[in-house]
Amino acid sequence: MNALIIGGGLGGLFTGAILAKEGLKVTIIEKNATVGGGLQSFTRFGEVFDTGMHVIGGMQRGGNIRRICDFLGIMDKVQIADLDSDFTDELYFAEDGKRYRLAKGREGFVNTLARQFPHQRQELKNYVDAVYRLTNEVDIFFLRPTDSHIPVHSSEFMMAADAFVTKYITDSKLRSVVAYMNPLYSGRADMTPAYVHAIITSLYIDGQSRFVGGSYRFAETLSNFITSQGSTIIKGDGVEHVHSADGLISGVTTKKGHTLYADYYICAIHPCNFMKLLDDPTILPKAYRNRLDSIPNSYSAFTLNLKLKPNSFPYLNHSGYYMTRYDDIWNFGRSDRKWPLGFLYMTPPEEKQGPYSTKMIVTSPMLWDNVQKWENTTVGNRGKDYIVWKQKCAEKLLDQMEQMYPNFRDCVEQINMASPLTIRDYYGVKEGAMCGFSKDYKNILLSQVPVVTKVKNLLLTGQCNNLHGFCGVPLTAINTCEAILGRNYVINKL
Ligand SMILES: Cc1cc2nc3c(=O)[nH]c(=O)nc-3n(C[C@H](O)[C@H](O)[C@H](O)COP(=O)(O)OP(=O)(O)OC[C@H]3O[C@@H](n4cnc5c(N)ncnc54)[C@H](O)[C@@H]3O)c2cc1C
């Protein structure tokens, strides 16, 4: 049996690795010169910068993604660094200049916050218990086998994330503090389901890691594993046409004109972009196509990749979050707010990491509307006004950095900037969406796209199906593989 995977990003590589390990002949087609998608890194000013995988969960001992890596036998080649247990995150709120330091683990999380909100200790405990209760409702997250019944969830699972926080925490500032990770999952007020908030929050409470020396190394490890199993990866040649006959996918043709055939075809790119490649879109029901096109996308991001002057800024073994106002914590997705509302900053670890960092990545959520006027331009040809706009954005972020670290600009040697357009063109993601489709608790079914389709030999994988990110996409890869190999086939082996 053989499978052809369109897209060599996180989802395509994990799906390909699992299928290859199980004896399928896999061909992955990746449009870019290097595989990885969100795992890709690039070199600028002599430094390696990661594009879309800065903080990862599930790689602690016993963690779900680590167990998949163990199953593939690649863990000895993976280099990660865990963040400090007693100081994993620091949040800064510009509104009152307060800093909050968080420690790893359930107790650490409660204790560090209870120091600043002593009257909320019991509420914090109850909130964290509820977060873990909701997470426990998701079998795949724990790599537990499932039966064939449709899962039944608690009413809290399906409520809005902001309402869920409000239910447990009465202090208005603390409500915003515990929601600080929501830019990581594209959180929106009265929209994001509580279970998304719970999964990401518990994941990062359990422990966060970073790739050492660049996330591209992890993509290389997966890609070497796939080829070592006798499978193939084609790079630098995207799929341009998907052919069909008799209600099945019958082949794909690449930009360079190669036509390839397989038993199974797996779409590991944004499903809306995939539909544009179909010679005959009617192979998928109209209602399905309309539904996919109508799902709103998560917001995008503007990133500063900074080369720092030698010995000027300390290496931070924690992630930092800047937030303008407490009240705006759920408003990153609103177009009536002044950008930037906040950002994540981090200093990526090197192999022989010393006390100083040579680089920093600053990522701030940004709506597609901000770049829409340049949407028909291509990399390097977006015009002078775009360059001026990017520089203004960079200055705004640097101003905010200086509120936390006075004279921070003195530490910066070189600046590279990436906008939502960069993300769209680099990954081929609709509207540069950071997390694929946006999820809405009011209509959960709309954004839950199954990995199987009405076309028997067409499957989907990647961040648009379930959860995005390092801890979501590999789990969906298991679902996709099991659609071929059989229910619980992979799970039972992990
Ligand atoms: C700025 C940013 C920061 C992020 N930070 C984090 C983080 O810290 N932690 C975390 O867990 N997640 C993070 N994410 C999210 C994470 O990167 C994504 O959820 C993940 O990469 C999605 O995996 P995927 O396989 O669905 O898509 P991708 O990884 O984007 O892979 C899709 C691949 O398909 C290729 N492709 C597209 N069209 C074609 C075609 N026609 N033919 C062939 N190939 C094609 C693309 O080039 C790409 O390689 C971040 C995302 C962004 C944008």
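Colleague: Which residue is the bridge partner of Val 252 in β12?

Modeller: The bridge partner of Val 252 in β12 is Leu 260. Before going on, please keep in mind that this is a predicted model, in which local features need pLDDT of at least 70, side-chain atom pairs count only at pLDDT 80 or more, and totals for chains, interfaces and linings use all residues. Residues are numbered from 1 along each chain as its sequence is written.

Colleague: What is the order of the strands in the open sheet that has β12?

Modeller: The order is β10-β11-β12, three strands with antiparallel pairing. Strands here are DSSP runs of E with at least two residues, helices are runs of H or I with at least four residues, and both are numbered from the N terminus. Two strands pair if DSSP finds at least two bridges between them, and strand β11 (residues 248-254) pairs with β12 over two bridges.

Colleague: Which strands stand at the edges?

Modeller: β10 (239-245) and β12 (259-260) stand at the edges, and each has a single partner strand, so one side of each is left without a neighbour in the sheet. In the loop between β10 and β11 you will find Asp 246, which has a positive phi near 55° in a residue other than glycine.

Colleague: Is Asp 246 buried or exposed?

Modeller: Asp 246 is exposed, because 6 other C-beta atoms lie within 10 Å. The cut-offs are 20 or more other C-beta atoms within 10 Å of a residue's own for buried, 12 or fewer for exposed, and partly exposed in between, with C-beta atoms placed from the backbone. Ser 186 also has a positive phi, of about 60°, although it is not a glycine, but Ser 186 counts as buried, with 25 C-beta neighbours inside 10 Å. Ser 186 sits in the loop between α6 (172-178) and α7.

Colleague: Changing topic, how many residues of β15 are buried?

Modeller: Five of the five residues of strand β15 (residues 319-323) are buried, so the strand is largely enclosed by the rest of the structure. Ser 319, Tyr 321 and Met 323 are buried on one side, and Gly 320 and Tyr 322 are buried on the other. In a regular strand the side chains alternate between the two faces of the sheet.

Colleague: And which strands pair with β15?

Modeller: Strand β6 (residues 89-93) pairs with β15 in the parallel sense over five bridges, and there Asp 89 has Ser 319 as its bridge partner. Strand β16 (residues 342-346) pairs with β15 in the antiparallel sense over four bridges, with Tyr 322 opposite Phe 343.

Colleague: What joins Trp 339 and Pro 340?

Modeller: A cis peptide bond joins them, with omega of about 0°, and Pro 340 lies in the loop between β15 and β16. Gly 342, in strand β16, counts as buried because it has 24 C-beta neighbours inside 10 Å. If neighbours within four places in sequence are left aside, Gly 342 is in contact with residues including Pro 183, Tyr 322 and Ser 364, where contact requires C-beta atoms, placed from the backbone, within 7 Å.

Colleague: How is the protein chain divided into domains?

Modeller: The chain is divided into domain 1 (2-39 + 216-295 + 438-493), domain 2 (54-62 + 76-101 + 207-214 + 299-434) and domain 3 (105-206), with bounds that come from an automatic or database domain assignment. The C-alpha centres of domain 2 and domain 3 lie 24 Å apart, and 22 residues of domain 2 are in contact with 20 residues of domain 3. On the side of domain 2 that touches domain 3, β7 (98-102), β15 and β16 each supply at least two residues.

Colleague: Where does the ligand lie, and why?

Modeller: The ligand lies between domain 1 and domain 2, because both give residues to the shell around it. Of the 38 residues around the ligand, Gly 7, Gly 9, Gly 37, Gly 38 and Gly 462 come nearest; a residue is near a molecule or strand if its C-beta atom, placed from the backbone, lies within 6 Å of it. Among the elements that give two or more residues to the shell are α1 (10-21) and β14 (300-308).

How values were computed
Contact = placed C-beta atoms within 7 Å.
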